[in-house]
Amino acid sequence: QVQLVETGGGSVQAGGSVRLSCAVSGYRYRNYCMGWFRQAQGREREGVGAIAYEGRTTHVESVKGRFTTSGDAAKNTLKLQMNTLKPEDSAIYYCAAKQYPGCDIATMKDETERFGYWGQGTQVTVSS
């Protein structure tokens with residue numbers, strides 16, 4: 001059974017850092033395009049970053065230089081390192097997976113419905 005479980009959310013002050021993890025079970029995460037999404041209250045779900053099987057990553061413009069998506073093949077785990085956090089980064093963060101082709105920010109925006117596997121989400125709150 002495919003399962004994605006996020007951990008690591010919490011509350012932090014602006015300028016701080018948070019690292020999220022997504023434990024993948026039921027399949028090898030590198031066989032799928034893996035992505036991080038977020039949804040703030042009253043806003044649409046937004047693709048944050050994606051990692052392809054060869055390790056190539058892409059991120060939405062608003063987090064470039066601050067967020068890093070990575071994968072740990074040995075632990076079958078996806079990670080999102082978030083630095084220099086801003087209040088507008090506050091949201092519920094989800095990890096998700098889709099089959100290829102396509103694994104970039106445009107795919108996350110235009111083919112969200114193709115991400116067939118989702119975690120339960122973890123809250124990140126950034127206070128000013």
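This is a predicted model: local features need pLDDT of at least 70, side-chain atom pairs count only at pLDDT 80 or more; totals for chains, interfaces and linings use all residues.

Let me start with a question: is C22 buried or exposed? C22 is buried, with a relative accessible area of 0%, where buried means under 20% relative accessible area, exposed means over 50%, and partly exposed lies in between, using a 1.4 Å probe and protein chains only.

Residues are numbered from 1 along each chain as its sequence is written, and side-chain values use heavy atoms, with hydrogens and water left out.

The partner of C22 is C95, and the two are joined by a disulfide with an S to S distance of 2.0 Å; a disulfide here is a pair of cysteine sulfur atoms within 2.5 Å. This link connects distant parts of the chain, since C22 sits in strand β3 (residues 18–25) and C95 in strand β9 (residues 91–98), 73 residues apart. Helices (H or I, at least four residues) and strands (E, at least two) are DSSP runs, numbered from the N terminus. C95 is likewise buried, at a relative accessible area of 0%, and the link of C22 and C95 is right-handed, with 60° about the S-S bond.

The count comes to 2 disulfides, and the other one is formed by C33 and C103, whose sulfur atoms are 2.2 Å apart. Because C33 lies in strand β4 (residues 33–39) and C103 in the loop between β9 and α1 (105–110), this pair ties together parts that are 70 residues apart in sequence. The torsion about its S-S bond is about 80°, so the disulfide of C33 and C103 is right-handed. C33 counts as buried at 1% relative accessibility, and C103 does so at 4%. If the bonded cysteines are numbered in sequence order, the pairing reads 1-3, 2-4.

Turning to the charged side chains, a search of the whole structure finds 6 salt bridges, each being a side-chain nitrogen of Lys or Arg within 4 Å of a carboxyl oxygen of Asp or Glu. R38 takes part in a salt bridge with E46, at 2.8 Å from N to O, and in another with D89, at 2.9 Å. D89 lies in the loop between β8 (77–82) and β9, while R38 is in strand β4, 51 residues away in the chain. R38 is buried, with a relative accessible area of 8%, and D89 is buried too, whereas E46 is partly exposed at 28%. Elsewhere, K64 forms a salt bridge with E61, their closest N and O atoms being 3.2 Å apart, and E61 is exposed, at 59%. Salt bridges that share partners join R38, E46, R66 and D89 into one network.

Finally, the overall fold. The protein has 1 helix and 11 strands, and along the sequence they follow the pattern β-β-β-β-β-β-β-β-β-α-β-β. Buried residues make up 43% of the 128 residues, and the C-alpha trace spans about 40 × 30 × 25 Å along its principal axes. Among contacts (heavy atoms within 4.5 Å) between residues at least 6 apart in sequence, 61% join residues at least 24 apart.
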